[in-house]
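Me: I am new to this structure and would like to understand the words used for it. Please show it to me, and then let us go through the terms one by one.

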Amino acid sequence: MSDIKNVCILGSGGREYAIGWAFKKSGYSVYFYPGNAGTKKIGENVEIKDFSELDKFDLVIPGSEEYLVKGVANNKNNVFGPDSNGAKLEGSKCFAKLFMKKHDIPTARFEIATNQQTLYDALKNFNPPYVIKADGLAAGKGVLICNSFDEAYEKGKQLITGQLIPNVKGPVVVDEFLNGWELSAIAIVNGTKFALLPFTKDYKRAFTGNKGPNTGGMGAYGPVQIDEKLKEKVEVLFEKTLSGLKKDGIHYKGFLYIGLMIVNDEPYVLEYNVRLGDPETEAIVAMDPEKFVENILKAYHSEDFQDYKPQRYAVDVVLASEGYPDNPKKGQMIEINPNYRDSEEHLLFYAGVSEKDGELIVSGGRVLHSIGIGETLEKAREMAYENIKNISFEGMFYREDIAKLDKPYKYTYSASGVDVLRNDDFTDFIKSKIKLPDWVIKEPTGYATILNFTTPAVVLTADGVGSKLLLHIQYKRWTDAAKDLIGMNYNDIICVGAIPKAFVDYLGVHHIAQEHYEFIEALNCELEKVNMSLVAGETAEIPAIYTQNDWDVAGFCVGILQKRLPIETIEYGDTIIGIPASGFHSNGWSLIRKIIQEENIDISTLPFDILTGTRIYNQVPQVFNSVKAIAHVTGGGILRALRRILKDKGWNITLELPEYMKWILQYVELEEALRTFNMGYGMLLVTDKKIAEKIAQEVDGKIIGEVSQTTKISI
């Protein structure tokens with residue numbers, strides 16, 4: 001890497017300042033075109049009349065996509081960025097969507113419209129809200145989200161003809177609206193090799209509390225941790241993208257930014273950017289500038305480069321000018337504390353700043369970036385906001401909630417002690433050890449095991465109550481504990497088309513006490529209500545394992561197969577029926593108990609009975625001959641239940657939340673709830689839409705949606 005002595009950064013914003021600052025810190029001579037008043041402090045601003053003048057620099061890094069779309073990297077080995085063909089990923093939305101379709105990269109369903117008639121025809125194939133995207137670069141204004149057909153049609157026409165946005169006209173993409181949460185993934189790339197940069201979260205809305213218009217970004221922080229399985233899925237998208245580019249004869253180098261929508265734990269590509277993000281770059285660079293530079297240079301030289309994990313957090317708070325983003329005020333004098341100096345804990349990155357008569361002047365909407373750095377996110381945030389006290393200019397505003405992790409959403413299943421990913425890994429390990437004899441029929445949903453050595457076949461399953469039992473013991477709710485134990489097993493059995501018949505229990509205790517007699521009495525009573533028999537059991541006194549007052553219980557259920565459900569016949573357009581749950585049932589209780597404890601909640605004051613036992617769906621067997629699949633909503637919440645029966649298909653459902661789910665959503669994010677709880681529906685059925693209404697009535701359920709090519713959940 002010794003051949004690189006000087007670096008030229010193309011652009012004038014905070015992103016470009018941050019890149020240049022990192023290279024300067026690593027000992028390189030840094031030049032900027034056109035730069036700003038701040039970049040002069042860390043390098044030299046130069047005049048460039050045409051791209052040929054860039055040949056004198058050892059390395060050129062374009063900050064903005066405009067340079068790349070215009071071909072700054074064409075036939076230039078010293079430019080770290082894609083040529084104009086590769087830059088079409090961002091320069092043309094139509095090209096990008098067709099590229100994704102061609103190479104089987106998950107994205108929203110779409111159609112391309114080139115005129116008034118094709119726009120009308122395309123919109124008719126979508127439901128509101130309607131998403132329309134301009135084909136070419138539109139300075140961040142080219143995406144429209146419209147709630148009515150008439151609005152979408154009118155604005156879409158104006159976008160095509162150039163009446164809506166100056167200098168922007170031509171084809172548009174009509175996209176299906178995806179409902180999920182957004183994630184930005186940025187990688188350093190050379191050919192098919194790539195390394196992800198640390199994940200960050202940015203804030204688009206102008207004002208505190210996610211209010212106001214969308215902007216280029218009002219701040220960011222990182223690193224953001226995502227689970228390994230999601231990361232692996234994101235990496236697959238990069239692999240598919242770079243493989244597709246190679247197949248199309250495009251050698252891609254530089255940065256690749258994929259804007260993602262995460263829907264039910266599955267990433268879909270919203271858009272490609274062919275450069276670094278802003279303000280994400282400011283946070284990424286501040287976390288570990290040396291590793292950032294090292295990876296760029298290794299990629300540039302086709303050496304091995306890889307992901308890195310920063311040891312520090314960084315928080316970037318944008319200081320914007322009044323009127324940003326639509327009409328920012330300019331020309332104000334900027335005052336910076338004369339004693340201010342960058343340090344290991346805080347930095348000041350310059351963006352919309354010019355110089356006049358030796359004074360710093362506001363020249364853009366996003367003016368400065370206040371960066372805080374720390375061993376913890378809280379410390380980094382504290383330093384970023386403390387740093388703002390050194391700066392002032394007329395009309396200055398900033399969001400006060402960058403990197404503020406609101407208390408209601410501190411609760412997750414993993415933070416309560418249940419590692420779902422570890423559980424999945426262990427389950428996969430167990431599956432790898434299972435060797436099925438020929439008298440065992442593999443059941444695709446995994447709810448129960450079919451033993452085919454009798455006629456009819458016998459079905460077997462096992463389950464427990466989980467940590468909800470601790471509250472049942474505390475409040476002596478033996479009937480509800482019995483319902484939970486039976487329901488978790490009974491409901492699994494019917495998912496494979498069998499009727500439960502016999503039950504065996506296992507009771508592990510410190511010592512046998514009166515409450516265990518009462519529990520078994522309740523268990524026997526509840527079994528009789530659903531025509532089952534307690535045929536055997538095991539009770540183990542193990543004082544070496546159980547404490548004085550704690551005990552655990554498990555159940556084993558045997559059923560008789562009535563009919564193999566034809567899950568393989570599920571097709572797009574089939575109806576999904578949801579049967580209401582009686583409450584949280586017996587899943588997610590490590591998380592619920594943590595909330596109850598830390599929030600000092602008296603469960604007797606809640607507007608619902610939180611300990612109600614699991615609903616036993618003994619009305620479902622009567623429709624075995626009319627349904628294609630049944631899913632019991634248990635561990636993994638409604639998302640896993642749907643995935644177990646729909647496999648690679650999607651779903652479009654609308655959920656009406658009961659009181660208990662509205663309560664829990666005060667404390668956990670929606671995505672966490674979807675992964676953990678039943679969302680109000682303890683059992684799901686899939687059936688032909690022609691008979692769906694009749695089936696729903698027979699099982700006391702309701703139609704909640706349909707099987708679809710893409711996935712959408714509405715609340």
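Me: Which residues of H16 are buried?

Reply: The buried residues of H16 are Gly 637, Ile 638, Leu 639, Ala 641, Leu 642, Ile 645 and Leu 646. This is a predicted model, in which local features need pLDDT of at least 70 and side-chain atom pairs count only at pLDDT 80 or more, while totals for chains, interfaces and linings use all residues. Residues are numbered from 1 along each chain as its sequence is written, and side-chain values use heavy atoms, with hydrogens and water left out.

Me: Why is H16 called largely enclosed?

Reply: Buried means under 20% relative accessible area, with exposed being over 50% and partly exposed in between, for a 1.4 Å probe and protein chains only. By that cut-off 7 of the 10 residues of H16 are buried, so the helix is largely enclosed by the rest of the structure. Just after H16, Lys 647 takes a positive phi of about 55 degrees.

Me: What makes Met 488 count as buried?

Reply: Met 488 has a relative accessibility of 3%, and therefore it counts as buried. Met 488 is found in helix H13, residues 478–494, where a helix is a DSSP run of H or I with at least four residues, a strand is a run of E with at least two, and both are numbered from the N terminus.

Me: Which residues is Met 488 in contact with, leaving aside its neighbours within four places in sequence?

Reply: Contact means heavy atoms within 4.5 Å, and with those neighbours left aside Met 488 is in contact with Asp 463, Gly 464, Ser 586, Asn 587, Thr 614, His 632 and Thr 634. Met 488 and Phe 556 are 68 residues apart in sequence, and their C-alpha atoms are 10.0 Å apart in space.

Me: What makes E32 and E36 the edges of the sheet?

Reply: Two strands pair if DSSP finds at least two bridges between them, and 6 strands form an open sheet with mixed pairing in the order E32-E34-E31-E35-E33-E36. Strand E32 (629–632) and strand E36 (712–714) each have a single partner strand, so one side of each is left without a neighbour in the sheet.

Me: How do you know that E31 and E35 pair?

Reply: Strand E31 (residues 575–580) and strand E35 (residues 702–708) are joined by 4 bridges and run antiparallel, which meets the requirement of at least two bridges. Ile 576 stands opposite Gly 705 in E35. Helix H16 (residues 637–646) packs on the sheet, touching E31, E32, strand E33 (650–654), E34, E35 and E36.

Me: What is meant by a cavity here, and how many are there of 30 Å³ or more?

Reply: On a 1 Å grid over the protein atoms alone, a cavity is a set of points where a 1.4 Å probe fits but cannot get out, whereas a pocket is an open set with protein on both sides within 12 Å along at least five of seven lines, and lining residues have an atom within 4 Å of a point. By this rule the count comes to 3 cavities of 30 Å³ or more. The largest cavity is lined by Phe 584, Asn 587, Val 633, Thr 634, Thr 676, Phe 677 and Asn 678.

Me: Which residues lie nearest the centre of the second largest pocket?

Reply: The second largest pocket is lined by 28 residues, and Asp 104, Ile 105, Pro 106, Thr 107 and Tyr 268 lie nearest its centre. H7 gives the most to this lining of the second largest pocket, with 4 residues.

Definitions and conventions: Axes are lines fitted to C-alpha atoms, for helices over the stretch in contact, and angles run from 0 to 180 degrees between N-to-C directions. Grid points are joined across faces, edges and corners, and a volume is the space filled by probe spheres set on the points.
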